[in-house]
Amino acid sequence: MPVALQADPNQPIEALRGVGPSLKEKLQRLGIFRTGDLLLHLPIRYEDRTRIVPLREVRAQQAVLVQGQIIETKLAYGRRRSLHVTLEDGTGFGHLRFFHFSKSQQNGLQPGIYVRAYGEARFGSQGLEFVHPEYRTFTELPPDPSPALTPVYPSTKGLSQNRVRGLVSQLLHLPWPENPGVPYKTLLYLHQPPPDASTTDIQTAQETVARDELTAYYLIMKLRQRERATQPAVPLPRAQQLGRVLLAQLGFKLTGAQRRVLSEVLEDLTRDIPMLRLLQGDVGSGKTVIAAFAAIRAAEHNQQTALMAPTEILAEQHYLNFSAWLEPLGISVVLITGSQSARERKLRQQAVADGSALVAVGTHALFQHSVVFKRLSLTIVDEQHRFWVHQRMALRSNGQVPHQLVMTATPIPRKMTMALYADMDFSML
């Protein structure tokens with residue numbers, strides 16, 4: 001039974017009329033799972049389709065709305081077959097060209113039919129023409145165009161602008177409440193600015209949403225920080241000083257920046273509050289060796305480390321480095337990936353479960369329920385944005401929250417219109 005659509009941003013996207021399994025999958029590719037996500041799927045630009053431009057006034061490289069009556073439709077043959085449609089509006093002539101068309105489309109574009117089309121004019125074989133414009137057909141003179149600006153949305157393969165606009169239109173007519181926590185009125189304004197909206201008006205509304213996003217993001221991070229500070233973690237103070245042994249065997253000296261960062265990481269590990277540190281640096285800047293020293297500190301307390309990489313190639317590179325550095329110190333390292341045989345993977349999982357393997361390196365295979373850590377106290381994540389949050393947080397051990405070190409060579413990307421309030425429960429605002 002379909003869900004009755006309400007002014008509730010937490011409703012599933014399938015509550016919208018016309019959203020079936022196929023359309024739902026396309027919307028989810030854009031991060032749209034709830035009606036609130038669609039509200040936050042803001043236009044990237046606007047098109048002015050409020051004025052019909054006479055055909056004689058059309059200029060090349062102009063995106064305009066034109067209208068006319070078909071006087072000729074024919075198939076044109078050259079390097080590519082195309083459907084050529086000629087319009088007349090009393091001021092001049094215009095041409096529409098389609099390289100991809102169906103028989104029904106061809107039959108619908110016959111002389112005598114009125115056409116309203118929007119697109120960018122360019123020079124063709126017979127003068128200015130519109131190639132694959134958006135258009136509608138009418139059996140009689142069309143009514144006046146819409147007085148509102150037309151939004152253009154981020155999209156994906158198989159999802160047309162008209163389909164997105166139709167879905168948003170369903171939301172625009174709902175009685176959204178005045179809410180200081182969520183700027184509904186501003187969001188609705190950006191989806192459908194009034195005809196007299198200026199560029200400054202739209203920019204001001206966009207800045208309002210951006211400011212609210214930053215505020216919401218800050219509040220969410222503070223709440224997470226407060227929650228994380230109440231969770232227990234295993235403190236890892238200085239112990240056997242195996243790191244000094246590795247330092248003497250590396251064959252190179254750490255730079256001043258590496259020593260400073262390493263000192264900060266090891267200091268964080270001494271606390272009973274879970275460390276959550278981002279280690280950002282260019283490729284070859286020494287992030288992996290810093291992570292190795294952190295894993296050594298955990299091993300000195302007979303605690304385990306999980307190192308997660310986004311690909312098997314990268315996981316194998318980490319495994320080779322950690323094996324070369326740690327195993328001479330008596331710290332066992334295992335590799336767990338999806339391509340291993342079931343028997344081989346089971347043996348390594350057993351070593352993790354009984355605690356004999358103090359460092360486990362792997363890909364998504366580390367997230368499987370069959371991988372159970374006995375004393376996990378440190379997770380190292382390479383390229384965080386390739387892992388889902390719930391997967392990273394799933395690596396816990398005996399109620400303890402492991403310290404976490406995230407390595408990345410680039411800033412973690414955030415898309416403004418998709419991230420706004422993404423983790424916030426709207427019912428709590």
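Reply: Happy to. Buried here means under 20% relative accessible area. Keep in mind that this is a predicted model.

Me: How many residues of helix 9 are buried?
Reply: Helix 9 covers residues 287-300. It's largely enclosed by the rest of the structure, because the count of buried residues is 14 of the 14.

Me: How far apart are the end C-alpha atoms of helix 9?
Reply: Helix 9 has 14 residues, and at 1.5 Å a residue it should span 20 Å. The distance between its end C-alpha atoms agrees with that: 21 Å.

Me: Is Glu 300 buried or exposed?
Reply: Glu 300 sits in helix 9. Its relative accessible area is 9%, and the cut-off is under 20%, so Glu 300 counts as buried.

Me: Which backbone nitrogen does the side chain of Glu 300 reach?
Reply: Setting aside neighbours within four places in sequence, Glu 300 is in contact with a run of residues including Ala 239, Gln 240 and Leu 242. At 2.9 Å, its side chain reaches the backbone nitrogen of Gln 241.

Me: Which residue takes a positive phi just after helix 9?
Reply: The phi there is about 60°. The residue is Asn 302.

Me: Which element gives the largest share of the lining of the second largest pocket?
Reply: That pocket holds about 650 Å³ of space. Elements giving two or more residues to its lining are strand 5, strand 7, strand 8 and helix 4. With 5 residues, the largest share comes from helix 4.

Me: How many nonpolar residues are in that pocket's lining?
Reply: The lining has 25 residues, with Arg 49 and Ser 146 among those nearest the centre. By class, 6 are polar and 6 charged, and the nonpolar ones number 13.

Terms used. Residues numbered from 1 in each chain as written. Predicted model: local features only at pLDDT ≥ 70, side-chain atom pairs only at ≥ 80, totals over all residues. Heavy atoms only, no water. 1 Å grid on protein atoms, 1.4 Å probe; cavity = no way out; pocket = protein on both sides within 12 Å on 5 of 7 lines; lining within 4 Å. Points joined across faces, edges and corners; volume = space filled by probe spheres on them. Helix = DSSP H or I, 4+ residues; strand = E, 2+ residues; numbered from the N terminus. Nonpolar A, V, L, I, M, F, W, Y, C, P; charged D, E, K, R; others polar. Expected span 1.5 Å × (residues − 1). Buried < 20%, exposed > 50% of the residue type's maximum accessible area, 1.4 Å probe, protein only. Polar contact = N/O pair within 3.5 Å; in protein donor to acceptor, adjacent residues only side chain to side chain. Contact = heavy atoms within 4.5 Å.
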